[in-house]
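Dear colleague,

Please find below the structure that I am handing over to you, together with its sequence. My findings follow directly after it.

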Amino acid sequence: MGRLPEIMTDPMTNKGTAFTHAERAELGLTGRLPAAVETLDEQATRAYAQMHEYETDLEKYIFLDSVHDRNEVLFYRILVDHLSETLPIVYDPTVGEAIEKWSKEYRRSRAVYLSIDRPQDLRASFETLDKGPDEVDLIVVSDAQEILGIGDWGVNGTDISIGKLAVYTAAAGIDPSRVIAVNLDVGTNNEKLLNSPRYLGNRHARITGQRYDDFIDLYLRTVSELYPNALLHFEDFGPTNARRILEQNRDSYRIFNDDMQGTGAIVLASVISALKVTKQTFADQRLVVFGAGTAGSGMADQISAAMVRDGLTIEEARKRVWLVDINGLVTDEMSDLPDYQQPYQRAASEVADWARTDGVINLLTVIEQVKPTILIGTSTAHNAFSQQVIEALCAGVERPILLPLSNPTSRIEVMPADAIAWSKGKALMAVGIPVAPVEFEGTRFIIGQANNALLYPGLGLGVIVSGAAHVSDGMLLAAAKAVSDQVDPSGLGASLLPPVDDLRASSATVALAVARQAIAEGIAGKVHENLIQAVEDAMWQPVYAT
């Protein structure tokens, strides 16, 4: 059998059974397809039904991945038509299971792989893509050190970058022909991978120190030179590396870290909504973060920055934040604190008379002493927010803001039904997992999901449309406000966040706010006569070219 024409082997141009008879004759496809000519709607209906013939989410993931490999328009049409159903399949949490089996079940590569052992290949690796400086809008890169709560997965973590890009396209219409997924293979400390004969990555421990930093610098210099207009998205780096890379480079490059900035901003959106109910400002808040890794500290950074915008000094804002980690309240008597915790460490003398359990100042004690207005959970410690903890929280303030954000369900700090009952309906909640409404004493409580997909796709689109030189704190705040403004939280039981069902409309709203903020700050590189139309025009639609 002869080779198929390139138009059918390229997933960006392949239409499959949607090629008309005239097109088949013109393109040399006569006899290479079944007689029926289907519309995209008919193809999408068929593929969606096929997906449902599989029982597990991993099987559905593999099926959708196969569609992605042969027909991108059809793949994204399925996602766009069924966003709330398919996002958990093509990304978190199902992608975690796919990553664990990636080398064993390797199918096809759709990423750029950069090895720290061959830095001389870095530029050439991108040049093989044959993309010019104006042909790339977005690059998602990961070194896969901290994947979605499952840890270090080396080159297996490639699907994180691919999945993130799929969400960008499905949710915000980022053109899939103008994006690049990248894996930085710096080794792995996962002995299971290193000892597996099927592992496809570098077989050595993770490289750290100056050699690692030099590799990151080389990556940033190279991609910013080759693709000067691209947003450089960093995903699932280890906590210390993530923070250091962002802080050292955010003013020099168009860089964004979703684990820190995106997660912090979606939490900010939740709090903005809750403050409309409590009638307070950020400057009135006392924040306790339980689980102070990259995500938790990023949330503390965003909320303390909002406190500063509301009139506090940086020092005053930081003194309104308490971090509780595996070793209890973070204090200055602890040795080897990571850099991202140090700004919030409490003086040991300040808490000298606080009760200790096995030498540790635990979460319950912190809540009893601090009386926080906001309690955030990013610990992955299931049921850590016990009835005693929730009741202590409610004893301290009338309407506490409660954000148990760990996922999946097996890791969430408290189930919403329990928290609503224990707080007698007073807690203002958003969570990290999708949950059904909770009925309590005649009121239906809608629990919003603090899903970063509500924010980062629109943020990315806004950066692309505006040509912003970098991602500023003001742009993150504008994105958070745009998300919050999509709901009315005032009614008892109302959600603090919009649903994920209509992400494309939501993303357009966020993009517009972000682009306007970039223009207001004087960092936009593009001028549009009609910004609303520019956002709409920039959103790629999953339709076949005629």
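In the chain, contacts (heavy atoms within 4.5 Å) with a separation of 6 or more are made to 72% by residues 24 or more positions apart. Please note that this is a predicted model, in which local features need pLDDT of at least 70 and side-chain atom pairs count only at pLDDT 80 or more, while totals for chains, interfaces and linings use all residues. Residues are numbered from 1 along each chain as its sequence is written, and side-chain values use heavy atoms, with hydrogens and water left out.

Overall form

The chain contains 22 helices and 14 strands; these are DSSP runs numbered from the N terminus, helices being H or I of at least four residues and strands E of at least two. Its radius of gyration is 24 Å, close to the 24 Å given by the globule rule for 546 residues, so the chain is as compact as a globular protein of that length. This radius is taken over C-alpha atoms, and the rule is 2.2 Å times the number of residues to the power 0.38. The C-alpha trace spans about 80 × 55 × 50 Å along its principal axes.

Of the 546 residues, 56% count as buried. Buried means under 20% relative accessible area, exposed over 50%, and partly exposed in between (1.4 Å probe, protein chains only).

The open sheet

Seven strands form an open sheet with mixed pairing, in the order E8-E7-E6-E9-E10-E11-E14. Two strands pair if DSSP finds at least two bridges between them. The edge strands, E8 and E14 (448–449), each pair on one side only.

Within this sheet, strand E10 (residues 401–404) runs parallel to E11 and is joined to it by two bridges. Ile401 has Leu428 of E11 as its bridge partner, and Leu402 stands opposite Met429 in E11.

A loop residue

Glu350 is located in the loop between strand E8 (328–329) and helix H16 (363–370). With a relative accessible area of 35%, Glu350 is partly exposed. Glu350 and Thr331 are 19 residues apart in sequence, and their C-alpha atoms are 9.3 Å apart in space.

With kind regards
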